Amino acid sequence: MISAAQSDRIDWEAALVQRARNGDMRAFERLYREHIGRIYGLCLRLTRDPAAAEDCAQETFINAWRGLKNFETRSAFGTWLHRIAVNVALARRRRPAWTVEPLPDAEEPEEPEWTLDTPVEVSEIEAAVGALPDGARDVLVLCGIYGYSHGEASEMLGVAEGTCKAQLHRARALLRRKLYPEGSP
Amino acid sequence: MRMCSLWFALLAAGAVAAARAATFERHVPADPRGEVDVSNVSGAIDITGWDKPEVYVKADTRSDSTKVEVTSERGHVSIRVIGHEGGISLFGGLIGSGGAARLHVEVPRGSELDVSAVSADVTSRGMLGTQRLQSVSGDITADVSGVDADVKSVSGDIQLRGNAQPGHFHVSSVSGDVSLQNSAGDLDATTTSGEISADLSPAGSVRLHTTSGDLTVTGRVGSGGTVEAQTVSGDATVRAGAQNGYEYEVRTFSGDIDDCFGKPAERTSRYGPGKSLMGRLGSGGARLRINTLSGDVSLCDH
Amino acid sequence: MSEPHSPQPAARKVTSLRDLPLEIAPPRDLWPELERRLVAGGAGRRRWPQLPALRPRYFAAAAGLVAAVGVGILIGRGLLPSVGGDIATHPTASLVVPASFISDPRYLRDRAELLKSLNARLAELPPQSRQKVLASLATIHQSMRDIQAALGREPGNALLQELLVDTYQDEMRVLTTVQEASAGSGET
């Protein structure tokens, strides 16, 4: 259940979206200002390149502007923007985003939030995430950092949910190996 | 593939900057009678006047990506809180925006102060110079001395405290309450649904207007002063004397009039509900006018 | 992976990926270029049309004078209209009282412009302020109706005429205050 403050914010944002849909550039700028932080953060983590992240962020908003008429106001505008950003980031890759990956031999139980064994510096963990293969990194960013469910992430990435789960499991294993090269402390 | 490590440095730097609350402090020299502008979108702005020829800024921000920009040039100090958004145009001026910060600012008390906020409460203490204080939804609390003060809010309450020195005060809120205490001089105060409370000794030119809120005026009307108070549906209470007395005129369409002068209100129409009360107290050097549509009026000189 | 070249920020440690920040500000403001691309693509209006600068006190005084004249003429002609009629289909339509008896075209035009952009302006205010402004406007318009109803019974009542004029001035004050207080574009 959303709070009154969240409800107010949703109404406020819906009003801006409606105005932007009617061609109000200033309303669209307000939406841009509201969401650019998350969109750029997502783009940067997916592209690993500041220049590419800027292009990705701009393309996201351009596509959003063009697609406003198709946006269903009942949905969260931010989530819709994220979907666009993921599409833009994936489309920029020169090779297919996903190669066929073997599933891990044993499945571990799903943890709702993966807690690290010991505190790790932000810079170190961001570097480790960035070093992951594309598919694993995409899922880890969407699910592990941005909190999307397997279903949502698989839909954004255009893959089956099972594949998404497998990639997340793989990402965690690779990340743990990178952060704790000599095993868990 | 050539690794571009800059992305990662940017990510880490930006990530830490975006996440962590930060404290900012700065001292800049300032003209004791110069101008100081302060703007902040959300949080709070606390201004204190002091006797040093400098401005001190301390800001607690929610994240490192919120910056505090302090510039000092030719007797003009500007303090702006800037986040990742651009500027916001507010009441005709442009302020920084986007970030949230609790600003504590100490300025020369003789400075001309200009404060703009959106969702930030504004407090000003110990200032002796002209003040222009504006907030959209924040409350404004200020000490006002014997100079000009222009205070405006959309939905916030405004509380001003004077030092008994005469000044010129212009106060406006759409829906907040307005209060000016221990002051003197000229006052123009308007609010639509808030209450107005004014205490001036002596009162010069006073105009008070509210649509549905109550009005309360206390103090003393100066020689030649005028007090005009109007409310559509609120009640008006005036407890004001005058050195040489005043002429008074009270009108209400459907409310009641109560006074301590022993003079009964007259009906303005044989068939309608309207009442009026007119008279003169003493030699009548000042003027008092009170109008309401349906509110009750209570008038006394003490 | 090679080590980053730029100076490292002060170290901060996390114990979960969820502790990593979701928002990262771009190194520069991307909006100006973005806007150029959107506009070049024929997208939308660049800015709100700039209304002529309003001088509230002068304007309110002028409106008051005109309103007084208008009301006086109509009272004299016995033509005082009632509230109602052509209320525009506007999200705040229930709050709109047509100023049909104020004849000055400039006042009518400026009031119409302010009412037309009212919803957009209100959308830019913090939610609590927005609600309070709407409540204040409703109070003003109810007062107008009450005063006009009373004038209908006592058309020659000077107090009612004065209250009505002042209430219209109050409405203009609120509309211009909302206009000025609404957020603008990033022009820095």
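## A walk from chain B to chain A

Start by selecting Thr218(B) and its contacts: leaving aside residues up to four places away in sequence, Thr218(B) touches Asp199(B), Arg239(B) and Ala240(B). Keep in mind as you look around that this is a predicted model.

Now widen the selection to residues 215–231 of chain B, and you will see strand S17, where Thr218(B) sits.

Next stop, helix H6 of chain A. Select residues 134–145 and check the ends: the twelve residues reach 15 Å from first C-alpha to last, close to the 16 Å expected at 1.5 Å a residue. Eleven of the twelve are buried, so H6(A) is largely enclosed by the rest of the structure. Among the buried ones are Arg137(A), Asp138(A), Leu140(A) and Cys143(A). To see what covers them, show helices H2 (25–47), H5 (122–130), H7 (150–157) and H8 (161–179) of chain A, which are included in that cover. Then step past the helix to Gly147(A), which follows H6(A) and has a positive phi, near 75°.

Finish on chain C. Colour by secondary structure to find six helices and one strand, running β-α-α-α-α-α-α along the sequence. Of its 188 residues, 37% count as buried. Among chain C contacts between residues at least 6 apart in sequence, 67% join residues at least 24 apart.

Note on methods:
Residues numbered from 1 in each chain as written. Chains lettered and ligands numbered in written order. Predicted model: local features only at pLDDT ≥ 70, side-chain atom pairs only at ≥ 80, totals over all residues. Helix = DSSP H or I, 4+ residues; strand = E, 2+ residues; numbered from the N terminus. Contact = placed C-beta atoms within 7 Å. Buried ≥ 20, exposed ≤ 12 C-beta atoms within 10 Å, placed from the backbone. Expected span 1.5 Å × (residues − 1).
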